[in-house]
Amino acid sequence: MERPLVAVGCVIVQDERVLLVRRKKPPNQGLLAIPGGKVEYGETLEQAAMREMLEETGLLATPKRVMAIVDLIREGFHYVIIDFLCDLKGGVPKAGSDASEIVWLSKGELTRLGMSPSTYEMLKRYFNGEELPIRITAKE
């Protein structure tokens, strides 16, 4: 990879619980993470977040504000990820594309074990009331 790729994440928090997916592919394969993926040519960041959410979870969501900006540099990848806090608008939950499972976790259930390190760090800081946007650099 010669330069970083732009990616987005779609963060849904309802009743102190957050929606996560188990990733099928690297980076962070097998770990729980925020639904999201690469921005395609011609898409806005918000359009990409809505598309990725639908592809990975079957759910419709609308981005409302930037929650975090993450530099993910690991496993031979370098992504600059813009994670949006989103409103859930509907749909039928079903794991698809890059997700093998959809889960809802309460803030008390968040743990480093089984979760991507940057997702854990972002959610921990969010639930602790850190001012948005949260800035994270995740390196190998």
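Biologist: How many salt bridges does a search of the whole structure find?

Modeller: This is a predicted model, in which local features need pLDDT of at least 70, side-chain atom pairs count only at pLDDT 80 or more, and totals for chains, interfaces and linings use all residues. Residues are numbered from 1 along each chain as its sequence is written, and side-chain values use heavy atoms, with hydrogens and water left out. A salt bridge is a side-chain nitrogen of Lys or Arg within 4 Å of a carboxyl oxygen of Asp or Glu. The search of the whole structure gives a total of 13.

Biologist: Which residue forms a salt bridge with lysine 25?

Modeller: The closest N and O atoms of the pair are 3.4 Å apart. Lysine 25 lies in the loop between strand S2 (17–23) and strand S3 (32–33), and its partner, 73 residues apart, in the loop between strand S6 (77–91) and strand S7 (99–106); strands (E, at least two residues) and helices (H or I, at least four) are DSSP runs, numbered from the N terminus. The partner is aspartate 98.

Biologist: Is arginine 51 buried or exposed?

Modeller: Buried means under 20% relative accessible area, exposed over 50%, and partly exposed in between (1.4 Å probe, protein chains only). Arginine 51 has a relative accessible area of 17%, so it is buried.

Biologist: Which residues are linked with Arg51 in a network of salt bridges?

Modeller: Glutamate 40 pairs with arginine 51 at 3.6 Å between the closest N and O atoms. The side chain of glutamate 52 also meets that of arginine 51 in a salt bridge, at 3.0 Å, N to O. The residues linked with Arg51 in the network are Glu40, Glu43, Glu52 and Glu55.
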